[in-house]
Amino acid sequence: MTHFRKFTAAAVLASLVAGAALPAAAAGVDAATQEQLRSKLTQEGYEVRKIGTEDGLIEVYALKDGKKFELYFNDKLEQVKNGASEN
């Protein structure tokens with residue numbers, strides 16, 4: 001019974017550690033690039049909520065002046081399209 005508890009505890013811990021690492025890996029955007037985008041967009045008046053990837057582009061969810069935006073950037077951090085969404 002003791003071995004089972006140790007195994008279960010180890011399995012739970014491993015899944016928590018893997019789960020914690022998953023969002024950053026799933027986003028597919030390295031920390032330095034995320035920081036560059038956050039800095040740039042903050043200077044432009046956006047509040048960045050989430051950064052990820054979609055269709056080979058960097059996708060950013062942000063707020064500005066009470067409106068929600070989906071902004072898309074290429075690998076050179078040039079904005080290639082955006083979309084304002086309704087609240």
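Is Phe-69 buried or exposed? In this predicted model, Phe-69 has a relative accessible area of 14%, and because the limit for a buried residue is under 20%, Phe-69 counts as buried. The paragraphs below start from the overall layout and then return to this residue and its partner.

The chain has two helices and four strands. Along the sequence these elements follow the pattern α-α-β-β-β-β. The chain holds 87 residues, and 23% of them are buried. Among contacts in the chain with a separation of 6 or more, 18% are between residues 24 or more positions apart.

The next topic is the interior. In soluble globular proteins, nonpolar side chains tend to be buried together. The largest nonpolar core here has 13 residues. The members that touch the most others are Leu-37, Leu-41, Ile-51, Ile-58, Val-60, Leu-71 and Phe-73. Helix α2 (31-43) and the strands β1 (47-54), β2 (57-64) and β3 (67-73) each supply at least two residues of this core.

Not counting residues up to four places away in sequence, Phe-73 touches Leu-37, Lys-40 and Leu-41, then Leu-57, Ile-58 and Val-60, and finally Glu-78, Gln-79 and Val-80. Another residue to look at is Thr-33, found in helix α2. Thr-33 is buried, with a relative accessible area of 16%. Once its neighbours within four places in sequence are set aside, Thr-33 is in contact with Ile-58 and Leu-77.

Among the strands, β2 and β3 run antiparallel and are joined by seven bridges. One of the facing positions is Glu-59, which stands opposite Tyr-72 in β3. The hairpin of β2 and β3 has two residues between the strands. Asp-65 is found in the loop between these two strands, and its phi is positive, about 55 degrees, although Asp-65 is not a glycine. Asp-65 counts as exposed, at 73% relative accessibility.

Asp-55 is found in the loop between β1 and β2. At 70% relative accessibility, Asp-55 counts as exposed.

What do the aromatic rings do? A search of the whole structure finds one aromatic pair. The partners are Tyr-46 and Phe-69, with ring centres 5.6 Å apart and planes at 90 degrees, so the pair is edge-to-face. Tyr-46 lies in the loop between α2 and β1, whereas Phe-69 lies in strand β3, so the pair ties together parts that are 23 residues apart in sequence. Like Phe-69, which is buried, Tyr-46 is buried, with a relative accessible area of 11%.

Tyr-46 also has a charged group over its ring. Lys-64 lies over the face of Tyr-46, at 4.7 Å from the ring centre. An arrangement of this kind is found at Tyr-72 too, where the charged end of Lys-81 sits over the ring, 4.7 Å from its centre.

Where does Lys-81 lie in the chain? Its place is in strand β4, residues 79-85. Lys-81 is partly exposed, with a relative accessible area of 46%. Leaving aside its neighbours within four places in sequence, Lys-81 is in contact with Leu-57, Glu-70, Leu-71 and Tyr-72. For Leu-71, the separation from Lys-81 is 10 residues in sequence and 6.2 Å in space, taken from C-alpha to C-alpha. Leu-71 is also one of the core residues that touch the most other members.

The last topic is charge pairing between side chains. Side chains of opposite charge can pair when their charged atoms come close. How many salt bridges does the model contain? The count comes to one. The side chains of Glu-47 and Arg-49 meet in this salt bridge, at 3.1 Å from N to O. Glu-47 counts as partly exposed, at 44% relative accessibility, while Arg-49 is exposed, with a relative accessible area of 53%.

Methods. Residues numbered from 1 in each chain as written. Predicted model: local features only at pLDDT ≥ 70, side-chain atom pairs only at ≥ 80, totals over all residues. Heavy atoms only, no water. Core = buried A, V, L, I, M, F, W, Y, C linked by side-chain atoms within 4.5 Å. Buried < 20%, exposed > 50% of the residue type's maximum accessible area, 1.4 Å probe, protein only. Contact = heavy atoms within 4.5 Å. Salt bridge = Lys/Arg side-chain N within 4 Å of Asp/Glu carboxyl O. Pairing = 2+ DSSP bridges. Phe/Tyr/Trp six-rings, centres within 6.5 Å; stacked < 30°, edge-to-face > 60°. Lys NZ or Arg CZ within 6 Å of the ring centre and 35° of its normal.
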